[in-house]
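Thank you all for coming; I would like to take a few minutes to walk through one structure with you. Please have the sequence and the coordinates open while I speak.

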Amino acid sequence: MSMKIRHLFGAALSAVALACTSASAQQIVNFWYHVDNAENTKIMDELVKNFETKNPGIKIQAENVPWNSYFDKLFISIAGGKAPDVAVTRLALQPQLLEMGAIEPITKQLASWPGKADLANNLLEINKASDGQYYYMPLQYVAIYLYYRADLFAKYKLKPPATCEDFLAAAKKLTLPASANGGTEIYGFGMRGGKGGHDNWGPFVLSQTSVAPGAMNSAKAVAANNWYIDLLRKHKVAPPSAPNDGFNEIISAFKSGRTAMIFHHIGSAKTMSDALGDKVAAVPVPSCGGGRWTYFGDESTTMFKTSKVKEAAWKWMSFLSESENNLRFNEATGQLTVTKSGSLKVPQPARFVKATMDSLPFAKPLPLVPQTADFVSSVWPTNMQRALNGEISSAEMMSTLDKHYNTK
């Protein structure tokens, strides 16, 4: 073999060896997430490409799992020892994931992460686990606030309600027959008595009680719940359909001018603005009985203990929560970016962003216990509807809720 051929052959072998070494050195992070619109996977593809360009030794395998099977698939994968390295999950599932020993703490990584200071106030504290560790990296969130018809409040010289008493006074003032409202009957409050309405009820009742044994059954809690029921039954400031009204009904009624106040989050901001323009505004929920509570809805990323690429997984998690990347991710979901700097660039009107961020100091999830899933899906809506229809008393309803959470 000539010297030239040996040189070329040696160079080729070196190139092959280098390629094999690079391939074996590359770390693969399996990541599960969900977006409703398949078109929005293009946003994730873009984020993956940007990350891999900055981190050539890491490859992200991002899988968009359909929402209706997302958590079933996740728990099956955990039970089978085949969990992804990182997945999007919710705070309500943290106790169950901890009980399974499925997730990895990121407390040490967070302590030295430069982006920590840019996270919105209170997000990390809300996400902290019962053992004092952090397992969740904030990714997106919402907080329930009050949408109100600014034009009607101005017309009747009303201020946005700061207390329960203010809320009731405004609701009474803005419950009008069609003859007094240009031919359209209007109710002061679009009450959501159907499934999902617990986050409308919470500001009035959970602001004054807790789920500790006996707390929901206390005289104060029963009175607060009765006050809420009376909005429909006594004061009639909510539509007669309220016991069965869900998300679509309260949003439709508000946009069409049939209600003057509703509770929801920034996910409805665009449709509200498109329908009503400057006629709609928002403020945090009112305080009641000296307390304040609003529902915190979240999604975060978490790392699984079975991951063999934890350092790379952390890099991907933190990348998704950095300002511009997080802002881009939330274009696919309509929820709020988790960073202070990104909040200044959110496409939703500033008044809705402000109402959300101003709500964080008193925003909380429902109790992080297994009973909450049934509370949301059946226990609360069934008993709320019965109370609103006069079938059970406030005391009977609250006794049922107390037993649900506190009977072993």
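When I say that two residues touch, I mean a contact, that is, heavy atoms within 4.5 Å. Please also keep in mind that this is a predicted model.

Let me begin with asparagine 325, which sits in helix α14, residues 323-330. Leaving aside residues up to four places away in sequence, asparagine 325 touches Leu47, Phe319 and Leu320. Is this asparagine 325 buried or exposed? Its relative accessibility is 11%, and because buried means under 20%, asparagine 325 counts as buried.

Next, the disulfide, of which the count comes to one. Cysteine 164 is joined to cysteine 288, with an S to S distance of 1.8 Å. The two cysteines belong to distant parts of the chain, 124 residues apart, with cysteine 164 in helix α8 (residues 164-173) and cysteine 288 in the loop between β7 (280-283) and β8 (294-303). The torsion about the S-S bond of cysteine 164 and cysteine 288 is about 90°, and the disulfide is therefore right-handed. Both cysteine 164 and cysteine 288 are buried.

Finally, I turn to helix α16, residues 350-359, where Phe352, Val353, Ala355, Thr356 and Ser359 are buried. Because these residues cover an arc of only 160° around the axis, they lie on the same side of α16. On the other side of α16, by contrast, Ala350 and Lys354 are exposed.

Notes. Residues are numbered from 1 along each chain as its sequence is written. This is a predicted model: local features need pLDDT of at least 70, side-chain atom pairs count only at pLDDT 80 or more; totals for chains, interfaces and linings use all residues. Side-chain values use heavy atoms; hydrogens and water are left out. Helices (H or I, at least four residues) and strands (E, at least two) are DSSP runs, numbered from the N terminus. Buried means under 20% relative accessible area, exposed over 50%, partly exposed in between (1.4 Å probe, protein chains only). The arc is that of the directions from the helix axis to the C-beta atoms. A disulfide is a pair of cysteine sulfur atoms within 2.5 Å.
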